Amino acid sequence: MCKPKGGADPCMLHRRPGRPVQIAPERRVEMVLDAAQALLAEHPLADVTMTAIAARAGMSKRTLYGMFDSREALLEACIARLTRSIFRPLEEDDRARPLEHRLKRLLTLNTGPETELYALELLRSLIAEASSFSALARRTCEESFDTLARNVTVELHEGLRRGEIVDLPAERLSLAARIVIDMACVNPLPFLLNPQAPKPTREQKAARRDWAVEIFLNGLGRK
């Protein structure tokens, strides 16, 4: 059962005479993931315990364990939700567009200032504690950069099939996908090493992405 927080029970939508109305299970999960995400942005990974998450969400640890088998499973779900919001696949309407458009769409990372800061802090924590949380670090990589690389590889393969590019051997599709991602996306390492370093604006990141895709496609003999 959820514990009251600040005088209100977050597990009840509103009260009726007699019996309280409970929050839907899906909403409870979102509340827990919101709490975990907030803690991950504020504390080292080792400090984001089930006790801390339960207190932040205004629930008991028993409630959390009823939704997630372990702390690792909860944190994996939190990170997976974040990466799904940042690395989005193409919409159905995009698939009929030229390869240049499809690549630019995939390489547009959906981040606002708060999400970007949170993602950087999470990455910093995962790198610092990768030896202790190796499975979580590996899963984060798979959910984010590996997923993006697979999506880009699919579109390069489709570009070959449609004749949009010609000078790309099929066996190098995956490598080419990694190369264009490295070209288009800002390297986070300088900002991890120096948190005060000025970060590029949305316009600067879009200009980099567009130029990188143009250079990449011109090098592949696009039609």
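The structure holds 16 salt bridges, a salt bridge being a side-chain nitrogen of Lys or Arg within 4 Å of a carboxyl oxygen of Asp or Glu. The model is a predicted one, in which local features need pLDDT of at least 70 and side-chain atom pairs count only at pLDDT 80 or more, while totals for chains, interfaces and linings use all residues. Residues are numbered from 1 along each chain as its sequence is written, and side-chain values use heavy atoms, with hydrogens and water left out.

The secondary structure of the chain comprises 10 helices and zero strands. Helices (H or I, at least four residues) and strands (E, at least two) are DSSP runs, numbered from the N terminus. Of the 223 residues, 38% count as buried; buried means under 20% relative accessible area, exposed over 50%, and partly exposed in between, with a 1.4 Å probe and protein chains only. The accessible surface of the chain comes to about 12900 Å², and 55% of this surface belongs to carbon and sulfur atoms. These areas come from the Shrake-Rupley method with a 1.4 Å probe, and for residues only the protein chains shown count as cover. Among contacts between residues at least 6 apart in sequence, 65% join residues at least 24 apart, where contact means heavy atoms within 4.5 Å.

The interior may be considered next. In soluble globular proteins, nonpolar side chains tend to be buried together. Here the largest nonpolar core has 52 residues, and those with the most contacts inside it are Ile53, Leu74, Leu107, Val152 and Leu156. A nonpolar core is a set of buried Ala, Val, Leu, Ile, Met, Phe, Trp, Tyr and Cys residues joined through side-chain atoms within 4.5 Å. The elements that give two or more residues to this core are α1 (25-42), α2 (50-57), α4 (71-86), α5 (99-106), α6 (113-128), α7 (134-162), α8 (173-184) and α10 (202-219). Helix α1 gives the most, with seven residues.

After α2 comes Gly58, whose phi is positive, near 75°.

Helices α1 and α4 are also joined by charge. Arg81 forms a salt bridge with Glu30, the closest N and O atoms being 2.6 Å apart. This pair links distant parts of the chain, with Arg81 in helix α4 and Glu30 in helix α1, 51 residues apart. Arg81 counts as buried at 16% relative accessibility, whereas Glu30 counts as partly exposed at 32%. Ser85 also lies in helix α4 and is partly exposed, at 28% relative accessibility. Ser85 and Leu109 are 24 residues apart in sequence and 8.7 Å apart in space, C-alpha to C-alpha.

A further salt bridge joins Glu164 to Arg102, with the closest N and O atoms 3.0 Å apart. Glu164 lies in the loop between α7 and α8 and Arg102 in helix α5, so the pair ties together parts that are 62 residues apart in sequence. Glu164 is buried, with a relative accessible area of 16%, and Arg102 is buried at 0%. Both belong to a network of salt bridges that links Glu92, Arg95, Arg102, Glu155 and Glu164.

Arg102 is also a neighbour of Asp94: leaving aside residues within four places in sequence, Asp94 is in contact with His101, Arg102 and Arg105. Asp94 is placed in the loop between α4 and α5 and is buried, with a relative accessible area of 9%. The side chain of Asp94 makes a polar contact with the side chain of His101 (2.9 Å). A polar contact is a pair of N or O atoms within 3.5 Å; within protein, one must be able to donate a hydrogen and the other to accept it, and residues adjacent in sequence count only if both atoms are side-chain atoms.
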